[in-house]
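Subject: Structure for your review

Hello,

The structure we discussed is below, with the sequence. My notes on what was found in it follow.

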Amino acid sequence: VDVDGIDAAHKLTLLVAMAFGAELTFKDIPTEGIRELTPLDFEAAKEFGYRIKLLGIAKLREDEDGGERIEARVHPTMIPASSLLAKVDGAMNAIAVHGDAVGPTLFYGAGAGELPTASAVVADTMEIAREIRRGTAGRVAPLSYMPDALQVKPLVPLGELLARSYLVFSVLDCPGVLGQIASALGETGISIESVLQKWQSRSGGPVPIVVLTHPARELAIQHALAEIDRLPEVTAPTRLVRIEEDF
């Protein structure tokens, strides 16, 4: 299991090169794993009509001056339960591609296990043998771009990301806490879409407050969470899961 998202970051590095001709390493990609998620998060996601998946996401951004930047990130993501990616489970992997002309496509298959891995190794070995027999090499670029055609393209800072967010606050069960959280979010321009607070503490300990936000900049979200986590009524760092609707 790719608990920390490292395997996904390696794969996304290759996919970014194949799709956009961009040269980067997996260490350049902001990466978060699933280690901090709890059963509450999956229960709440289901209640809101989502599922949580560890996704590697890459998008090409064209700036007003004609320059290109790459948005690349790996993290747990809430996606609509009705989407095809939401139904990918177990050892199966999927790649969703949005093309300018072809539109949305999905590639689906086994991504782990001895037989799928052996099949990929044998396929690569056969291709090398064919190249040797032809007396040629590199007839087809392994990354769809020839190595000297790859270009270093700047990454979009994570702070520029505009998205809805799922937030879980662990707070003491006392009056006024939700108001303080809403005030801190509002001060940075973040609007609340939904609030879920149905869990109660049986021993007087902390309780979770789940919030879905309207679209907001990541930089504003992080600033608000830093303020909220300093409140004496907040007992643990806030959990954040980003929401993507287009998968």
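**Salt bridges**

Asp89 and Lys53 form a salt bridge, with 2.7 Å between the closest N and O atoms. The two belong to distant parts of the chain, 36 residues apart: Asp89 sits in the loop between strand 2 (68–80) and strand 3, and Lys53 in strand 1 (residues 50–62). Asp89 has a relative accessibility of 38% and so counts as partly exposed, whereas Lys53, at 13%, counts as buried. Please keep in mind that this is a predicted model.

A search of the whole structure gives 20 salt bridges. Another of them joins Asp41 to Arg239, where the closest N and O atoms are 2.9 Å apart. Asp41 lies in helix 2 (residues 39–48) and Arg239 in strand 9, so this pair ties together parts that are 198 residues apart in sequence. Both Asp41 and Arg239 are buried.

Arg242 pairs with Glu218 in a further salt bridge, at 2.8 Å between the closest N and O atoms. Because Arg242 is in strand 9 and Glu218 in helix 5, the pair ties together parts that are 24 residues apart in sequence. Both Arg242 and Glu218 are buried; the relative accessibility of Glu218 is 5%. Helix 5 covers residues 218–228. Leaving out residues up to four places away in sequence, Glu218 touches Leu158, Gly159, Leu161, Leu240 and Arg242.

There is also a network of salt bridges, which links Lys59, Arg61, Asp63, Arg69, Glu71, Arg73, Glu160 and Glu244.

In soluble globular proteins, nonpolar side chains tend to be buried together. Here the largest nonpolar core has 20 residues, of which Phe169, Val171, Ile181, Leu185 and Ile228 touch the most other members. At least two residues of this core come from each of strand 5 (162–171), helix 4 (177–187), strand 7 (207–213) and helix 5. Helix 5 gives the largest share, 5 residues.

Phe169 is in contact with Ile181, Val207, Pro208, Ile209, Val211, Leu225, Ile228 and Thr238, leaving aside its neighbours within four places in sequence.

**Thr238**

Thr238, one of the contacts of Phe169, is placed in the loop between helix 5 and strand 9 (239–243). With a relative accessibility of 13%, Thr238 counts as buried. The side chains of Thr238 and Asp229 are joined by a polar contact of 2.7 Å. Beyond four places in sequence, Thr238 touches Leu167, Val168, Phe169, Leu225, Ile228 and Asp229.

**Surface patch**

Which residues form a nonpolar patch on the surface? They are Leu15, Met18, Ile95, Val97 and Phe107, with about 410 Å² of accessible area together. Helix 1 (6–20) and strand 3 (92–99) each supply at least two residues of the patch. Met18 lies in helix 1 and is partly exposed, at a relative accessible area of 39%.

Regards

Note on methods:
Residues are numbered from 1 along each chain as its sequence is written. This is a predicted model: local features need pLDDT of at least 70, side-chain atom pairs count only at pLDDT 80 or more; totals for chains, interfaces and linings use all residues. Side-chain values use heavy atoms; hydrogens and water are left out. Helices (H or I, at least four residues) and strands (E, at least two) are DSSP runs, numbered from the N terminus. Buried means under 20% relative accessible area, exposed over 50%, partly exposed in between (1.4 Å probe, protein chains only). Contact means heavy atoms within 4.5 Å. Patches are made of residues with over 30% relative accessible area and no salt bridge: like charges are joined within 9 Å, nonpolar side chains (Val, Leu, Ile, Met, Phe, Trp, Tyr) within 5 Å. Accessible areas come from the Shrake-Rupley method with a 1.4 Å probe; for residues, only the protein chains shown count as cover. A salt bridge is a side-chain nitrogen of Lys or Arg within 4 Å of a carboxyl oxygen of Asp or Glu. A polar contact is a pair of N or O atoms within 3.5 Å; within protein, one must be able to donate a hydrogen and the other to accept it, and residues adjacent in sequence count only if both atoms are side-chain atoms. A nonpolar core is a set of buried Ala, Val, Leu, Ile, Met, Phe, Trp, Tyr and Cys residues joined through side-chain atoms within 4.5 Å.
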